[in-house]
Amino acid sequence: APGPPPAGGAASDPFGLFGAPTPAPAAAAPTPTQAPASAQDLAQAPAFSQEEDPWAAAGFNNMVSKPEPSQPEQHANGVSNVDHSNGTVAKEDETPITLDSNNLPSEGEYYEARINARSLGAMFYTARNLEETLFHKMPANVIDALGSRPVVAYVAEKSAAHNSGVHLGHVILTVNGHEISDPEFCANIIRSVARPMVIRCYVPPRMELTLNEGTHLVKYDTKDMEAPKVGVEWKRKYVVVGGIVTKPWMMNMFYRKSDYDIAVKEAHAGHKISVKVKQFDLRGARIILKGKDGKPNWVDYPSERKPWYYITILPNKGYPIKISSESLEELEPVYSAVRRFVRKDMEARYSSSMESGFRGSSSGLGNSRNNSRNNSRSDSGFEQFGDAPHARAGHHDSYWR
């Protein structure tokens, strides 16, 4: 694992630069939906029209009968074609885009950010690395057009990047006039150029980001499958499913977003995690819903103006995990991230059991599941942060000052 930053750097810039080229964050692709648990139905939830209900608009009301595709439908078939002679990118069943003089979609926007701070507080990946996570809903021809250019995949709270308007999904084009070709070169340039630093950025068109984190009310220390009887029993946590510094099957809960930022920079530098974090292994987990429409459960507290929506996750080991928000929109990112991983996990387990059956294995599906459960605990816990980019043996440059 890499050592601490060079002498003098830690004191002057403890936050460092997240701009290291890193392996693509493992992402969960959608898998078949779990059948809802049998339990007495709650009273009927408040009715929403299609326009008012973001879950219905997103197709969750048809989740049981129509599994979510592994990628947007318009990308399901065909291969992207880039024709630089006429400046267009087309794909079968996909709306073509026109490229500008920079070979980027002409519908995007450009801007410049002027930064004086030594630390930017951002992490970069290529668009291709992010097509099943942050860019899950991004048209494939836009991803193709972005190529190897560095895309902002993580921004620390109150960092120089955040304060200057450099946000998730934005693409770094030049730094002080130097053209940027990839995440590694971006990190090197940002480290070395004089301040003030002028960064020219590009905002892709049709950018609808897929997030996997947010502040929620949680409950995980009782055997109850349903929400607590009183609202004060919930705990407020910052919940991250997978993410930058851990395995895709781990769900981490921090006291606040700033604690997550600390964990990211410490893990990225190969340091011991100093903040408190509660971790849960989602392998073999199930999502328990009362209704059959795929929408979250809900609970009505007399002290609250509106019902709270929540999901119950039944892990392979331990108490049920309940995650709640005061609105459907706030709950959707984490619910969707958990749902995508659970589906992929179920599909992988089914495929593994089928392969074992074809090989004449006598263990069958049940033993396959048991073996998977036994193995699922072998690498859980804080060591998951050892999967942080450049925190493993053989990576001596963590791109931290």
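Trainee: How many salt bridges does a search of the whole structure find?

Mentor: The search turns up 12 salt bridges, and keep in mind that this is a predicted model.

Trainee: What makes Glu 107 and Arg 206 a salt bridge?

Mentor: Their closest N and O atoms are 3.6 Å apart. The cut-off is within 4 Å, so the pair qualifies. This pair links distant parts of the chain, 99 residues apart: Glu 107 is in the loop between strand 3 and strand 4, and Arg 206 in the loop between strand 9 and strand 10.

Trainee: Why is Arg 206 called partly exposed?

Mentor: Arg 206 has 32% relative accessibility. Buried would need under 20% and exposed over 50%, so Arg 206 falls in between.

Trainee: What about Glu 233 and Lys 219, how do you know that their side chains meet in a salt bridge?

Mentor: The N to O distance is 3.9 Å, and that is within 4 Å, so it counts. Glu 233 sits in the loop between strand 10 and strand 11 and Lys 219 in strand 10, so the pair ties together parts 14 residues apart in sequence.

Trainee: Are those two buried or partly exposed?

Mentor: One of each. Lys 219 has 10% relative accessibility, under 20%, so Lys 219 is buried. Glu 233, at 33%, lies between the cut-offs, so Glu 233 is partly exposed.

Trainee: Which residues are linked with them in a network of salt bridges?

Mentor: Asp 221 and Lys 235 are linked with Lys 219 and Glu 233. The side chains of Asp 221 and Lys 235 meet in a salt bridge at 4.0 Å, N to O.

How values were computed
Residues are numbered from 1 along each chain as its sequence is written. This is a predicted model: local features need pLDDT of at least 70, side-chain atom pairs count only at pLDDT 80 or more; totals for chains, interfaces and linings use all residues. Side-chain values use heavy atoms; hydrogens and water are left out. Helices (H or I, at least four residues) and strands (E, at least two) are DSSP runs, numbered from the N terminus. Buried means under 20% relative accessible area, exposed over 50%, partly exposed in between (1.4 Å probe, protein chains only).
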